[in-house]
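Colleague: I have a structure to go through with you. Could we start with the strands and then turn to the aromatic rings?

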Amino acid sequence: NVSMAAGNGIDMTGNVLWARRDNTFMTVKSLNEQGQPMGVEIFHYRDDLSLAFYIYARKATIVKGDKWVLQDVRKKQWHEGRETIESKASLPWNAFFTHMGLDVLSLPGNTFSIRQLNHYIAYLKQTYQPSMEYQLALWQKLGRPVLTLAMILLAIPFAFVTPRSSGLGSRLAMGGILGLLLYISYQIMVNLGLLFALNAPLTALALPTACVIVAILLVRRYDLVR
């Protein structure tokens with residue numbers, strides 16, 4: 001099995017990216033201007049969780065897909081209590097990141113397109129890697145427009161009043177404060193959903209949907225009063 005997550009979700013000693021295949025872990029410290037990996041570390045554990053070998057490469061060149069060439073390599077290996085150290089100028093290695101591109105994977109999940117999120121979530125599920133952060137990012141892309149619609153509808157009773165009506169300024173201020181409170185509440189709900197691993201669609205859509213329903217009822221009442 002392969003598992004991988006962007007550093008924004010899970011931080012492994014500050015590295016930008018990390019990946020796992022069975023008992024082997026691979027981390028990338030950063031990417032250079034050409035998008036090539038810098039500071040690559042590989043840890044391979046035995047079934048009893050003892051460290052079998054450790055590889056550090058100052059940089060790597062992506063040849064094609066998962067075919068990498070590690071450069072300036074230093075490898076430590078442990079066997080029956082003995083440690084051996086080996087240095088190599090280069091070492092071919094099959095990496096186990098997705099094919100989305102390291103430059104994309106190093107970005108926060110909320111910057112992914114819907115297609116990228118669907119691809120990456122499916123990848124994480126197939127490899128038994130937690131995907132809650134990316135599921136929330138996906139559903140937020142649907143929840144934000146709904147919340148924006150709710151805020152527009154809620155603004156109608158505050159904005160469409162006679163200019164000479166008393167308290168116009170205070171009504172507009174209340175509308176602005178209400179919109180700000182809705183936005184803050186939505187961010188709090190999303191973060192709580194991530195913290196407690198709540199249902200992603202429910203977390204991202206519950207508040208916006210409720211606000212739309214309330215806003216529609218208020219607009220209807222406003223029309224009846226008029």
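Colleague: In which sense do strand 6 and strand 7 pair?
Modeller: This is a predicted model. In it, strand 6 (residues 67-79) and strand 7 (residues 82-94) pair in the antiparallel sense, over twelve bridges.

Colleague: Which residue of strand 7 stands opposite Gln71?
Modeller: Ser90 stands opposite Gln71.

Colleague: And how many residues lie between strand 6 and strand 7?
Modeller: Two residues lie between them, and the two strands form a hairpin. Glu80, in the turn, has a positive phi of about 50 degrees.

Colleague: On to the rings. How many aromatic pairs does a search of the whole structure find?
Modeller: The search finds five aromatic pairs. One of them is formed by Phe25 and Tyr45, which are edge-to-face, with 6.0 Å centre to centre and 85 degrees between the planes.

Colleague: Where in the chain are Phe25 and Tyr45?
Modeller: Phe25 is in strand 3 (residues 24-31) and Tyr45 is in strand 4 (residues 37-45). They are 20 residues apart, and the pair links distant parts of the chain.

Colleague: Why does Tyr45 count as partly exposed?
Modeller: Tyr45 counts as partly exposed because its relative accessibility is 27%, and the class covers values between 20% and 50%. Phe25 is also partly exposed, with a relative accessible area of 22%.

Colleague: What about Tyr120 and Tyr134?
Modeller: Tyr120 and Tyr134 form an edge-to-face pair, at 4.7 Å centre to centre and with 85 degrees between the planes. Tyr120 lies in helix 2 (residues 114-126) and Tyr134 in helix 3 (residues 132-159), so this pair ties together parts that are 14 residues apart in sequence.

Colleague: Is Tyr120 buried or exposed?
Modeller: Tyr120 counts as buried, at 1% relative accessibility. Tyr134 is buried as well, with a relative accessible area of 2%.

Colleague: Which residues do ring pairs link into a cluster?
Modeller: Phe112, Tyr120 and Tyr134 are linked into a cluster by ring pairs.

Colleague: Which residue lies over the face of Phe53?
Modeller: Lys75 does, at 4.8 Å from the ring centre.

Colleague: Last topic, confidence. What is the mean pLDDT of the chain?
Modeller: The mean pLDDT is 83, and 82% of the residues reach 70 or more. Over residues 1-13, however, the pLDDT is below 50.

Colleague: How many contacts does that stretch have in the model, beyond near neighbours in sequence?
Modeller: Residues 1-13 have 45 such contacts. Where pLDDT is low, the predicted coordinates should not be read in detail.

Notes
Residues numbered from 1 in each chain as written. Predicted model: local features only at pLDDT ≥ 70, side-chain atom pairs only at ≥ 80, totals over all residues. Heavy atoms only, no water. Phe/Tyr/Trp six-rings, centres within 6.5 Å; stacked < 30°, edge-to-face > 60°. Helix = DSSP H or I, 4+ residues; strand = E, 2+ residues; numbered from the N terminus. Buried < 20%, exposed > 50% of the residue type's maximum accessible area, 1.4 Å probe, protein only. Lys NZ or Arg CZ within 6 Å of the ring centre and 35° of its normal. Pairing = 2+ DSSP bridges. pLDDT = per-residue confidence, 0-100. Contact = heavy atoms within 4.5 Å.
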